[in-house]
2 protein chains.
Amino acid sequence: MAVYTEVTDDDLSAFLARYDAGSLVGYKGIAEGVENTNYLVQTSKARFILTLYEKRVAPEDLPFFLGLMEHVADRGVSCPRPVHARDGTILSELAGRSAALVTFLDGFSVKKPRADHCSKLGRALAQFHLATADFPQQRQNALGETGWRPLFEKFRARADEIVPGLQSLVHDELLLLDAMWPKTLPSGVIHADLFPDNVFFLGDDLSGLIDFYFACNDALAYDVAICLNAWCFEQDYAFNVTKGRALLEGYDSVRKLTPAERSAMPLLTRGAAVRFLLTRSYDWLNLPPNALVKPHNPFDYVRRLRFHQSVRSIAAYGLGEAA
Amino acid sequence: MAVYTEVTDDDLSAFLARYDAGSLVGYKGIAEGVENTNYLVQTSKARFILTLYEKRVAPEDLPFFLGLMEHVADRGVSCPRPVHARDGTILSELAGRSAALVTFLDGFSVKKPRADHCSKLGRALAQFHLATADFPQQRQNALGETGWRPLFEKFRARADEIVPGLQSLVHDELLLLDAMWPKTLPSGVIHADLFPDNVFFLGDDLSGLIDFYFACNDALAYDVAICLNAWCFEQDYAFNVTKGRALLEGYDSVRKLTPAERSAMPLLTRGAAVRFLLTRSYDWLNLPPNALVKPHNPFDYVRRLRFHQSVRSIAAYGLGEAA
């Protein structure tokens, strides 16, 4: 959400000369992506997004992220496509940062998704999952189930500063999830952060997915559970079952959810709520004094978690238990 | 340099419907302009900049700023032109802020201006001054000479925290400027903040001036003095007389500097250095803890001021004393 690294016009022109991308016509730092610096670059040929990777992204993960974007774009997923330099590379360096140039997507994210948006999101997520099936690279989910307890221990003593009772709520939930977490669901590459911010629409159509920098290998249905959390709650934390049904039916129409995935959904949504509750709590308590980004309020995910704790079947999210 | 106010897609679409500007295709918050929130808006018809005015801009000044941009654009100055809504207005409201839609300029600011850029800047500044001659509105320069002492008094006691000796340096300088400041130079509307950030180039041409939110009535040559400070010093604080000459000759070729303006230049450059030294010092000492903007280092202007104190004639900046 900020420009952390300034790029000079001379440096950018020299960078662009390494691509067959036209000459520089204009560029603006844009407030997109929480972790990295992004510029919208206009050349004589086209518009691009230039991303400079800041310190929260591990350089060794960049070939995975960029390779994934190219792989799924080749298979018809609408997402930014890394541009190859004349020497064939897609990862470069600029202003002391790893940098990549990707194609520009028209469209914009919707602040208040309607059921129709959720349906299209569900379809696009399933298409993305199918497209990743033959992606050869792997990346472990550092924020997956085995990572939650260690992350919690980092701030457990201060958890009740956020909201009284948070420490025992999370402790008990992690005990349950650790005992019950499904380990044999169909897995593959998931987006893992497909919030409304990261999905563009244009008119009535979904025009693309962005921000693949949390993508990793995990249960595919866990990605669906993340989206149920991110897309289907109202501002008053009520779950909107119309949106949930639209999302699940959209997904299921492209990639059939297995019976095991359907049964596991109430656990997966709890896990997804815990995952965002944990990272938001940690960031809330460890905000650097000169932060350029406002932290998300962890409380949103306390409320979501409490809802999921009351759910006994995927029917509560709008889909039947049987496939 | 930051997005202070978030605009939702629904609100923006409703806003655009009030203009004959096409339908929304995309928008991005951009890191441009220190004081306000700016979005680059792409519609089915064209690109625009949407500005939301934040609290440091006085609402009663907005008709002056927007009227000025339209006035000079009508007279051939390349700058953003306010777009009229269907009801004729150019000032509107969005997301609880005063807001205006202006045309988009291609080009980008140069980080290290060369003499050629300075020459074109000088010409464009003079064209702007000529174009403002018949602008009917007036705005007092709150950061003009009479405002410097009151601003200094706000942080005088803490001035030496920035650099030892700053308090007496500024105090003595203000005594001198108060006694010597020229009051009868040709005056009119000046830009008052024409730093390289606020001037776009495209290829070899100056493609436009932006950010008119400090514009006010004052001595025209004082605007030139601000530019000599902002454009003609090297990173080691050496004054580059080649750039100074290019700027002054460029200006003089479009609007002849009078003998009085030439004589006054060494005082005007001192005043301009003091003006930026004062505001930067104040901001440096009063940075809000949650600031989204890094403050400029006031020290840059201590060094500039010391150079100007050694100057006895405009010849030191590259132009002869006689017109």
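In which loop of chain A does A:Ala192 lie?

## Positive phi in chain A

In this predicted model, A:Ala192 is found in the loop that runs between strand E6 (187-190) and strand E7 (199-202) of chain A. The phi angle of A:Ala192 is near 75°, which is a positive value in a residue other than glycine. A:Ala192 is also buried, because 21 other C-beta atoms lie within 10 Å and 20 or more are needed for that class.

## Positive phi in chain B

In chain B, B:Asp211 has a positive phi of about 60°, although this residue is not a glycine. B:Asp211 belongs to the loop between strand E8 (205-209) and strand E9 (216-219) of chain B. There are 23 C-beta neighbours inside 10 Å of B:Asp211, so this residue counts as buried.

## Packing of two helices in chain A

Helix H3 (residues 115-132) and helix H6 (residues 220-231), both of chain A, pack at an angle of about 160°, and their axes are 11 Å apart. Because angles over 145 degrees count as roughly antiparallel, H3(A) is described as roughly antiparallel to H6(A). The crossing in which H3(A) passes H6(A) is right-handed.

On the side of H3(A), the contact involves A:Cys118, A:Leu121, A:Leu125 and A:His129, which meet A:Leu220, A:Asp223, A:Val224, A:Cys227 and A:Trp231 in H6(A). Sorted by class, this contact of H3(A) with H6(A) comprises seven nonpolar residues, one polar residue and one charged residue.

Key
Residues numbered from 1 in each chain as written. Chains lettered and ligands numbered in written order. Predicted model: local features only at pLDDT ≥ 70, side-chain atom pairs only at ≥ 80, totals over all residues. Axes fitted to C-alpha atoms, helices over the stretch in contact; angles between N-to-C directions. Helix = DSSP H or I, 4+ residues; strand = E, 2+ residues; numbered from the N terminus. Parallel < 35°, antiparallel > 145°, perpendicular 65-115°, else oblique. Left-handed = near helix turned anticlockwise from the far one by under 90°. Contact = placed C-beta atoms within 7 Å. Nonpolar A, V, L, I, M, F, W, Y, C, P; charged D, E, K, R; others polar. Buried ≥ 20, exposed ≤ 12 C-beta atoms within 10 Å, placed from the backbone.
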